[in-house]
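Biologist: I would like to go through this model with you and ask, for each word you use, how you know that it applies.

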Amino acid sequence: GGSNNDNAFKLGFSAVAKGIDDALRIPAGYSFSALYRLGDPLNASTGAYANDGSDSAASFQFRAGDHHDGMAYFGLNAAGLAKDLSNNARGLLCMNHENITQIFLHTAAEVGAGFNNSARVPAQIDKEVNAHGISVIEVLKGSSFSINQLSGFNRRYTALSNMEISGPAAGDDLLVTAYSTAGSATRGTLNNCANGVTPWGTYLTCEENWAGYFKRPASSTLSAKAAAAQNRYIGSSASNGSYGWANPAGGDTSGTGQYDRWNITPTGASAANDYRNAANTMGWVVEIDPFAPGATPRKRTAMGRFGHEGAMPAKAVAGKPLVYYMGDDAQGEYIYKYVSNANWDAADANGGLTAGNKYLDDGKLYVATFNADGSGTWTELTITNAAIAAATYGFADQADVCINCRLAADAVGATPMDRPEWTGVHPVTGDIYITLTNNSKRGSTSLTTGGKSYGLDAANPRYYDDGEGGKGNPNGHIVRIHETGGDHAATTFAWDVYLFGAENDQFGNASINISGLTDDNDFSSPDGLWFSQAVPGLMWLQTDDGAYTDVTNCMMLAALPGKHGDGGPVNVTSAAVPSNANADQTVTTQAGADATAATLRRFLVGPKGCEITGITETPDGKTLFVNIQHPGERTTAADIATPANFQSHWPEGGNARPRSTTVVITKDDGGIVGA
Ligand code: FEO
Ligand code: CA
Ligand code: CA
Ligand code: CA
């Protein structure tokens, strides 16, 4: 495979070695600084972060949230007053705060007392709610980048902030809550994982693992239809929700239902606290205008409701629809795309959320089916599809299809994938790359999607036991799609596998190390995947790994992918698969051509217990922003009283609590990062 970049860009750095030390490793000739850490203040009137659990819940409305994830840089003009997307020295960073490490948000005494999910301390809930959501922060370059605490653009959106609901499902009965009897608003954005951007300079933030937060009743208390929807999205068991936010000690005395809204039990609800539909207000792509602090974010329901990882665009072309590729990250879930009905008109380039209404509220939602012969189909999820109209679930209308699109995708025979994470569109070839991070249940009859069990297929072809507790597809892979005719609105495509993850103890096993990885580029559990906008064809790959942490902390690699069809068919031998699994798939893959020393190289290794996720750059490609999420995540509650026992102390060192952090990476000679 050739590298398809216009300017023959070559990776110029020396590969960073794998390692498990509590440090951030980058190549020789590069430097990094910590820009924005958990708890850092957004304004001058908020004090420095104590980082001992004593910082107040309310202060988190003006502090960095936790678990930094997807982000995007939007240039501001030199005066810092308006949009200038070309500015390399001043911009707005929009950033997701996906989740929390609960024990690091509270004092040692609080952690020691334990967290009772049947009776939480309300102030603790409030802090956790405020540590989720989004940051918008102005970053300004002096000798290096720092936060401009005086910027009027700086703000947080939390899991309590007002959000509008927009698009075909807005106003539907399934979105009515006590907060919005019109079904047109909700409070909070939650588990914002990866992201996207629009050609009019707005930020798309994507709600992923929200389902676990709701207090779910037993199915016997629900209508058959409501139970089917909750089973498909939230799981089939009654639950208090992962942090017990529905259960403040003493009940919800807020007068606003701010705790009751996490309880989706209809039984006993009066109009004032009926939040049975609250979970339907999460799971969306949410649009934020970074340049309009007063504008309420909008949940774009035409793009479907699921465990949204990200929404990455194809290149906007005048006179063509806008297209977004989207993964639903859970075992056996699907890959989707959204195609706007309106064709792109550059006159909308400053349209803000009004442009969003035009392009993101009116379009077609498709789901992918991968065939064994390397072809594939995008099937539109519409109530006019006979299989959807006839589904047992009983769709009422197109709003119901948008809200419960997983059930619609089940009905049309979409292909269950090995946890679809980020997507990225190669700016030169137009090929779409999709990370499939891992799937411990692949090949097992216990894995079902929409009630259907399945084993191996050509697009998810591997089962093995890695001998260290990992089974199924422990190391993940990356699929690549080429739309028919290069048209992103096409309804058919061709696909192959770009890379298979593998660990160093499997280098000699050609049926596992299919891509021929070496010590300089081996990886496991690909998750973040992003194409530079400055260097056509330069791709960054980030990992969120549990299988390889005995050898290395999570990492980021640089890649120069070839193009679909460069490789040839390879037979993937899967040892000891369960009998249902249709073993030994033949797949078309690059078979190593995309994993040479010239085309795939490790750039960064993070500190202990972190995930590397979220990346953006200045338009010249000379400053890279990378998020280090949840360092020290394997620290236990029992460790809190003994800081020396924390898994990580990064970035402060000493005995400090670890902090999710945005780092700024530059090349010491001022060149393009990666060169
Ligand atoms: Fe938030 Fe699928 O990673
Ligand atoms: Ca992710
Ligand atoms: Ca992941
Ligand atoms: Ca994570």
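Modeller: What follows is a set of questions and answers about the terms used for this chain.

Biologist: What should I know about the model and its numbering?

Modeller: This is a predicted model, in which local features need pLDDT of at least 70 and side-chain atom pairs count only at pLDDT 80 or more, while totals for chains, interfaces and linings use all residues. Residues are numbered from 1 along each chain as its sequence is written, and chains are lettered from A and ligands numbered from 1 in the order in which they are written.

Biologist: Why does the radius of gyration of the chain agree with a compact globule?

Modeller: The radius is taken over C-alpha atoms, and the globule rule is 2.2 Å times the number of residues to the power 0.38. For 675 residues a compact globule would come near 26 Å, and the chain has 23 Å, which agrees. Along the principal axes, the C-alpha atoms fill a box of roughly 65 × 60 × 55 Å.

Biologist: What makes Gln-542 count as buried?

Modeller: A residue is buried if 20 or more other C-beta atoms lie within 10 Å of its own, exposed if 12 or fewer, and partly exposed in between, with C-beta atoms placed from the backbone. Gln-542 has 29 C-beta neighbours inside 10 Å, and therefore counts as buried. Across the chain, 58% of the 675 residues count as buried.

Biologist: Which residues is Gln-542 in contact with, leaving aside its neighbours within four places in sequence?

Modeller: Two residues are in contact if their C-beta atoms, placed from the backbone, lie within 7 Å. By that rule Gln-542 is in contact with Asp-527, Gly-528, Met-556, Ile-612, Thr-613 and Ile-615. Ile-612 is 70 residues away from Gln-542 in sequence, yet their C-alpha atoms are 5.6 Å apart in space.

Biologist: How do you know which residues form a nonpolar core, and which have the most contacts inside the largest one?

Modeller: A nonpolar core is a set of buried Ala, Val, Leu, Ile, Met, Phe, Trp, Tyr and Cys residues joined through C-beta atoms within 7 Å. The largest such set has 164 residues, and Cys-94, Ala-408 and Leu-604 have the most contacts inside it. Strand β23 gives the most to this core, with six residues; helices (H or I, at least four residues) and strands (E, at least two) are DSSP runs, numbered from the N terminus. In soluble globular proteins, nonpolar side chains tend to be buried together.

Biologist: Why is helix α2 described as largely enclosed?

Modeller: Seven of its nine residues are buried, so α2 is largely enclosed by the rest of the structure. The buried residues of α2 include Ile-125 and Val-129, and what covers them includes α1 (108-113).

Biologist: What makes you say that the buried residues of α3 line one face of the helix?

Modeller: The buried residues of α3 (residues 224-233) are Ala-229, Gln-230 and Tyr-233. Seen down the helix axis they fall within an arc of 95 degrees, so they line one face of α3; the arc is that of the directions from the helix axis to the C-beta atoms. What covers these residues includes α7 (405-411).

Biologist: How do you know that β16 and β17 pair?

Modeller: Two strands pair if DSSP finds at least two bridges between them. Strands β16 (residues 363-370) and β17 (residues 375-380) have five bridges in the antiparallel sense, and Tyr-366 has Glu-380 in β17 as its bridge partner. Strand β17 also pairs with β23 (residues 492-500) in the antiparallel sense, over three bridges, where Ser-375 has Ala-494 as its bridge partner.

Biologist: What makes the backbone at His-67 and Ser-525 worth a remark?

Modeller: Most residues other than glycine have a negative phi, and most peptide bonds are trans. Phi of His-67 is near 50 degrees, a positive value in a residue other than glycine, and Ser-525 likewise has a positive phi, near 60 degrees. His-67 lies in the loop between β1 (30-37) and β2 (68-75), whereas Ser-525 lies in the loop between β23 and β24 (526-531). The peptide bond from Trp-650 to Pro-651 is cis, with omega near 5 degrees.
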